[in-house]
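Here are my notes on the backbone and its surroundings. Please read them with the model open.

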Amino acid sequence: MSKVTFDEFALKFAEELEIKGNDYLDQPLDDIPEFDSMGKITTSLVIENLFNFEIDFEVLEKEESIKTLFNYCRKKCE
Amino acid sequence: MSDILINLPRQRQVQLDDIQLLRFWRNLDHVRSRMIFKDLISHDNQKTWFKNLNEDTSKYFIYSLGDEDIGLSSITKIDFANKTFEGGILCGNTNYFKHWINIWACIEIYNFAFFSLKLDKSYASILEDNQSAIRLNKSIGYVKLKTIKSDIGRYVLSKECFLEHSKNIQKYLKRFKSNMEQDK
């Protein structure tokens with residue numbers, strides 16, 4: 001089970017994608033401008049570092065919000 | 001050919017048969033609005049552009065995934081004496097916005113320029129409101145030099161900066177491509 005908390009994940013996500021403000025916490029991932037082609041690759045690398053697994057790009061495209069993405073990562077580590 | 005194999009990313013040099021597809025992409029609102037030169041390009045203008053292309057100073061590639069063409073990557077204003085060029089990509093296929101293939105194409109074109117053509121430095125001019133291009137360019141190591149004409153940023157990328165900034169991205173893309181090849 002991963003010990004990474006949602007706050008840690010969200011903070012790292014925002015930091016690496018250089019997202020300003022907190023709107024991203026409630027926005028659909030698709031609506032976050034920084035979550036573009038490069039943003040998705042950066043997010044993959046963040047997940048690898050924090051959760052120790054390689055996420056499929058298709059998962060990043062399907063997940064709706066940072067919360068559902070975090071839940072996916074948590075489940076994957078169970 | 002298996003379904004997986006035909007989904008591998010590829011790049012091919014632009015041929016005469018491709019130029020009207022390029023014109024279609026280049027004239028799309030989402031592309032044109034982000035260009036410094038915003039005029040619509042006519043059928044004949046496009047033919048003239050291709051006829052006058054100097055292959056020594058510019059190279060254009062179409063990148064695709066399987067049999068689906070996605071966008072255009074280019075290196076232009078190649079100056080072998082000073083080892084400089086200008087690099088760029090545009091995603092014309094609207095189904096592939098925000099897709100990793102655009103980053104793959106971007107990294108491929110800079111690897112080609114820096115390592116196959118042995119150039120040292122790239123320049124780029126980007127509209128200040130084109131945030132997605134600015135984000136992409138900064139993430140591979142471009143540094144802003146100055147603002148020109150009040151709304152255009154002038155950026156520079158050295159080979160060393162590219163290597164340093166793109167290290168993790170290159171690893172990721174290599175692994176990604178190799179996983180795809182193993183799955184075929």
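1. Start at Lys149(B). Lys149(B) counts as exposed because 9 other C-beta atoms lie within 10 Å. The cut-offs: buried means 20 or more other C-beta atoms within 10 Å of the residue's own, exposed means 12 or fewer, and partly exposed is in between, with C-beta atoms placed from the backbone. Lys149(B) sits in the loop between β6 (143-148) and β7 (152-158) of chain B. Its phi is positive, near 50°, and it is not a glycine. Most residues other than glycine have a negative phi.

2. A word on provenance. This is a predicted model, in which local features need pLDDT of at least 70, side-chain atom pairs count only at pLDDT 80 or more, and totals for chains, interfaces and linings use all residues. Residues are numbered from 1 along each chain as its sequence is written, while chains are lettered from A and ligands numbered from 1 in the order in which they are written.

3. Where is Lys77(B) placed? It lies in strand β3 (residues 68-79) of chain B. Strands here are DSSP runs of E, at least two residues, and helices are runs of H or I, at least four residues, both numbered from the N terminus. Lys77(B) also has a positive phi, near 50°. It is exposed, because it has 12 C-beta neighbours inside 10 Å.

4. β3(B) has a partner in β2 (residues 59-65) of chain B, antiparallel over seven bridges. Strands pair if DSSP finds at least two bridges between them. Phe61(B) is bridged to Ser73(B) of β3(B). The two strands form a hairpin with two residues between them. In that turn, Gly66(B) has a positive phi of about 60°.

5. β3(B) also pairs with β4 (residues 84-91) of chain B, again antiparallel over seven bridges. Here Ser73(B) has Ile89(B) as its bridge partner.

6. Now helix α5 (residues 131-139) of chain B, which holds Lys138(B). Leu136(B), Asn137(B) and Ser139(B) are buried in α5(B). The buried residues of α5(B) fall within an arc of 165° seen down the axis, so they line one face of the helix. That arc is taken from the directions from the helix axis to the C-beta atoms.

7. Is Lys138(B) exposed or partly exposed? Partly exposed, because it has 16 C-beta neighbours inside 10 Å. The C-alpha atoms of Lys138(B) and Val156(B) are 9.8 Å apart, with the residues 18 apart along the chain. Gly141(B) follows α5(B), with a positive phi near 115°.
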